[in-house]
Amino acid sequence: MAPIPFLTLQQHMVQKLRKGLPPQLTYHCLDHTLDVLKQAEIIALAEGISCADDMLTLKVAALYHDAGFITTYQNHEAYGCELARQELPGFGFGPEQIETICGLIMATKIPQSPRSHLEQAICDADLDYLGRKDFTRIARQLFLELHTLRMVADEEEWDVRQVLFLEKHQYFTAYSRQKREKNKQAHLAALRTKVGLAQ
């Protein structure tokens, strides 16, 4: 059985995420998933990933990579894999494809640990915003989410945590290093100044 059209699966996941994700997830929301889907395709094409099966696998993984948030905040990647294993056979995906998709989902777990070119692409798509002009707006959405969930006390703590995160983060693909690293370093420098760590 061949996989059904991707658009059908995308519509299914959009409805599922829209209905199932808790409203307090102002960062890990449908918009984030759709952004990761878009960036994953851009990165993959720029990286020369042109095989139709590879692109389909990547895009499906992007749709499911945060679906586990419907069930849990902690270890959501594992629950996303569980959901993929439950649903994807019904969309025409075989066991080997599904395990590859689960590998992509698990690679996005922080700290990221990609082992293949496709895994590098989804990891960079997931954190693409770190090197974009809309970084401040999106980071604010993540702060509001974590603050609502009492996982960060205030903006001062959040700024320090962002500095620590940005210092450790690395992009894996040549495309993302070329297109995002410079802006990411500028955001880091601004945050370091804000929290009094400027060199």
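Among contacts in the protein chain between residues at least 6 apart in sequence, what percentage join residues at least 24 apart? With that as background, please take me to the largest pocket: which residues lie nearest its centre?

Modeller: Happy to, and please keep in mind that this is a predicted model. To start with your percentage, 68% of the contacts between residues at least 6 apart in sequence join residues at least 24 apart. Buried residues account for 49% of the 199.

Now to the pocket itself. The largest pocket has a volume of about 720 Å³, and 27 residues line it. Nearest its centre you will find His 28, Ile 110, Leu 142, Leu 146 and Phe 165. Sorted by class, the lining holds 14 nonpolar, 8 polar and 5 charged residues. Three helices, H4 (76–87), H7 (135–148) and H8 (155–168), each supply at least two lining residues, and the largest share, 5 residues, comes from H8.

Leu 142 is buried, since its relative accessible area of 12% falls under the 20% cut-off. Leaving aside residues up to four places away in sequence, Leu 142 touches Tyr 27, His 28, Tyr 129 and Trp 158. For a sense of scale, the C-alpha atoms of Leu 142 and Ala 189, which are 47 residues apart along the chain, are separated by 19 Å.

Side chains of opposite charge can pair when their charged atoms come close. The count for this model comes to 14 salt bridges. In one of them, Arg 132 pairs with Asp 35, with 3.1 Å between the closest N and O atoms. Arg 132 sits in the loop between helix H6 (117–126) and H7, while Asp 35 is in helix H2 (residues 30–46), so this pair ties together parts that are 97 residues apart in sequence. Arg 132 is buried, with a relative accessible area of 11%. Arg 132 also forms a salt bridge with Asp 134, where the closest N and O atoms are 3.0 Å apart; Asp 134 is partly exposed at 22%. Both pairs belong to a network of salt bridges that links Asp 35, Asp 128, Arg 132, Asp 134, Arg 137 and Arg 180.

Arg 85 pairs with Glu 99, with the closest N and O atoms 2.9 Å apart. Because Arg 85 lies in H4 and Glu 99 in helix H5 (residues 95–107), the pair ties together parts that are 14 residues apart in sequence. Arg 85 is partly exposed at 41% relative accessibility, and Glu 99 is partly exposed with a relative accessible area of 41%.

Terms used:
Residues numbered from 1 in each chain as written. Predicted model: local features only at pLDDT ≥ 70, side-chain atom pairs only at ≥ 80, totals over all residues. Heavy atoms only, no water. 1 Å grid on protein atoms, 1.4 Å probe; cavity = no way out; pocket = protein on both sides within 12 Å on 5 of 7 lines; lining within 4 Å. Points joined across faces, edges and corners; volume = space filled by probe spheres on them. Helix = DSSP H or I, 4+ residues; strand = E, 2+ residues; numbered from the N terminus. Nonpolar A, V, L, I, M, F, W, Y, C, P; charged D, E, K, R; others polar. Salt bridge = Lys/Arg side-chain N within 4 Å of Asp/Glu carboxyl O. Buried < 20%, exposed > 50% of the residue type's maximum accessible area, 1.4 Å probe, protein only. Contact = heavy atoms within 4.5 Å.
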